[in-house]
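Reader: Please take me through one chain and its contact with a partner, with the cut-offs stated.

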Amino acid sequence: MIPVADYYVVASVLFAIGAAGFLTRKNLLVMFMSVELMLNAANLVLLAASSTHDLGRGSAMALVSVAVAAAEVGVGLAIIIALFRLRASVDAEEMTNLHG
Amino acid sequence: MSPTLAVQTSPFVDYVGIAPYLLLVVGMIVVLMVLPLLLAKTTRHRVKDEAYECGLPPQGTAKQRFSVHFYMVAVLFILFDIEAVFLFPWATSVQELGPIGFSGAVVFVAVLGLGLAYAWRKRVLDWN
Amino acid sequence: MDALIDPTLLTRIAFYFFSALSIVAALFVVVHRNPIVSAVALVMTFLGVAGLYLTLGATFLTAVQILVYAGAIMVLFLFVIMLLNLEKDPFEEPHVPRLLGAGLAIALLFGLVAVLGGTVAVGTSIRSGSAEEIGKIFFGEYIFPFEMASLLLLVAMIGVIVVARRSDGKEAL
Amino acid sequence: MSPDIAYFAATLAKIVAIFLLSVHVVPIMVILERRISAWVQFRIGPNRVGPLGLFQPLADLVKFLGKEDFVPAQANKVLFWAAPALTCLPPFLVMTLIPFAPPFEVMGRELPAVIVDSSIGIILALALSSLTVYGIAIGGWSSNSKYSLLGGLRSSAQMISYELALGLSVLAVICVSGTLNLSDMITRQTAFFGFDDATGNWAGWNIFSQPVAFLVFLVASYAETNRLPFDLPEAESELVGGYHTEYSATKFSLFFMGEYIGMLGMACLIVILFLGGWHLPGVAALDLSPNVFALVGLLVFMAKVGFFLLLFIQVRWTLPRFRYDQLMQVGWKVLLPIALANILVTGFVVAWS
């Protein structure tokens, strides 16, 4: 009852906010949260698109993407904790080990 | 119907009743939280503002760091939560899926069981 | 209820409500200085997105969104913020690379809306997003991604235990 | 009055009734808990306000309202205020999903005795109750007190550990009943003990087909609501008051309200999942009119829920408290493997039948 394009617009706004957060913040944790925001926007597009064709398959794919996101968050936060042990900081701009 | 219409039958109508209910609950919480501000008097004192530690002067800061153990338990929780989420669709249709669906689920549970066994061996589930 | 209130209108109102909720909360996530407030705002965003899933008819994904994203993944974030005790960010003053980042994000927004906003979708869904449907799909043609998901979770579990444990076996940070 | 408006009014009345029912369980539980604990410990308990001390909760409320609303100096103000509301809301939302009785009949139409008859009811109930963690963790964190923080952290770790056992034990029940809708789950337990003649599926109460899941769910629900023997997060002897040490006035009472409503929700879920909801052997044979049948169903349901609420109190005052390491081990090393094995056994039986 709502045009699919409306969902795309909302998802675009969420994705852009996530991108802005990822590009402008220094705190690794907030940057990571922004990534989650973008993942959610992508999932929203996936479900909105599949709602006119095959919502079942769209949901199944979205479910796999949720599993991937969970695994990614677990490992990602573990890496942030390991980094924090080395540096006592979560400032992305201090993580310059690989600058050579 | 115009061709841009997305959802034909939204189940959304089933969930409308939650709105008036939520209004009632939130209203009650707000009233309960605001009334003491109007009814009771407030005094401040340096010692009263301190954190309560059995009546003794507080020692050190509360902003300290905690064991990473809590984190590992939370990660295990998420991964097993996903397992449950994947098994819900299987459980609702296990009668139709029959033996094939069952063997699929067994493989799924067995793989994650390996993970539980690994965490068990590495003593993540022990607290000391 | 449906005789008095038009279901189409109702769904539309709900769509605007959940869209506004998720977008405003998302702005809080990115703008607020306190990471705990960011985390709570992100929970609100996820709940808003769950509402949008519901208006789409994807009932099972609505529950998954609340159970996994709002109920589990964000708990992990909250734990890490509390464990590392990060109340305030280091002061972040706007400087050129950061303004550039914001500009890029705005450009991205316009690009996305320009490409997706005019989309006209035709057709009706042949399947519902209910748990039964998803179960049949997973144990039919999608059995491979289903089993791979368990393998992925196993690898993540081992990875986390290896990375997060200290090499000397102690547990404090 | 046109039939539509009458039906609409009945729907609104139902929503208000369910809200009032949930709210009133709290004072009833408080007075029962205090009187029963006194009885267990050979004390007298509150008996001054009103006959038998029945008006004690009312006096408590007045006192809560008149207490100074204290905020510690170094607390994070916004989060300190938000935490009690965040703890209180999710358990209340779970109550919208609970079908209390068979459908009533208003103006010739069916009026279900549930606010949201969701097709994913049971998952939604688990998902919503899992959101309680935020209020507790944030309440502990924002008070800037060591005891509160430790209590909040312990409590959240405990809740998430036992949530797994809760969810996995429910999975086995879903295998048997084949639905996620709570009303359908009840209607599939029409018989007390026995199979459905037409389909050959189990149609009795699930406690007989799923005794293991019932025990796991029962134990996990005690931990999930932070009740003894799992009330370590607020263990007075170790942590002063736990995550709500620094709270006073009605903000403090909201935490308790959340806890009691959470218990009510868990008791309702136990009754729906395992004890046939509003079914009582013999009532269906009486051939009652729909509204009378619904009313009887409501009473039966409330009686079963009341039994489990009393069990919550009884257990609290008779069992000792677990140690924290034991508590986590029970969740992960006992309940979780049992629940997983139970799912596989149940799945095996159902898949081959």
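Reader: What percentage of the residues in chain B is buried?
Author: This is a predicted model, in which local features need pLDDT of at least 70, side-chain atom pairs count only at pLDDT 80 or more, and totals for chains, interfaces and linings use all residues. Residues are numbered from 1 along each chain as its sequence is written, and side-chain values use heavy atoms, with hydrogens and water left out. Buried means under 20% relative accessible area (1.4 Å probe, protein chains only). Of the 128 residues in chain B, the buried share is 51%.

Reader: How much area is buried between chain B and chain D?
Author: Buried area is the accessible area (1.4 Å probe) that two parts lose on being put together, summed over both. Carbon and sulfur atoms give 76% of the area buried between chain B and chain D, and the total is about 6,400 Å².

Reader: Which residues of chain B lose the most area to chain D?
Author: Three residues of chain B together account for 12% of what that side buries. They are Y21(B), M33(B) and F88(B).

Reader: Which side chains meet in a salt bridge?
Author: A salt bridge requires a side-chain nitrogen of Lys or Arg within 4 Å of a carboxyl oxygen of Asp or Glu. Across the interface of chain B and chain D, the rule finds one. At 2.5 Å, N to O, the pair is D126(B) and K333(D).

Reader: Which helix gives the largest share of the side of chain B that touches chain D?
Author: Helices are DSSP runs (H or I, at least four residues), numbered from the N terminus. The largest share, 15 residues, comes from helix 1 of chain B.

How values were computed
Chains are lettered from A and ligands numbered from 1 in the order in which they are written. Helices (H or I, at least four residues) and strands (E, at least two) are DSSP runs, numbered from the N terminus. Buried means under 20% relative accessible area, exposed over 50%, partly exposed in between (1.4 Å probe, protein chains only).
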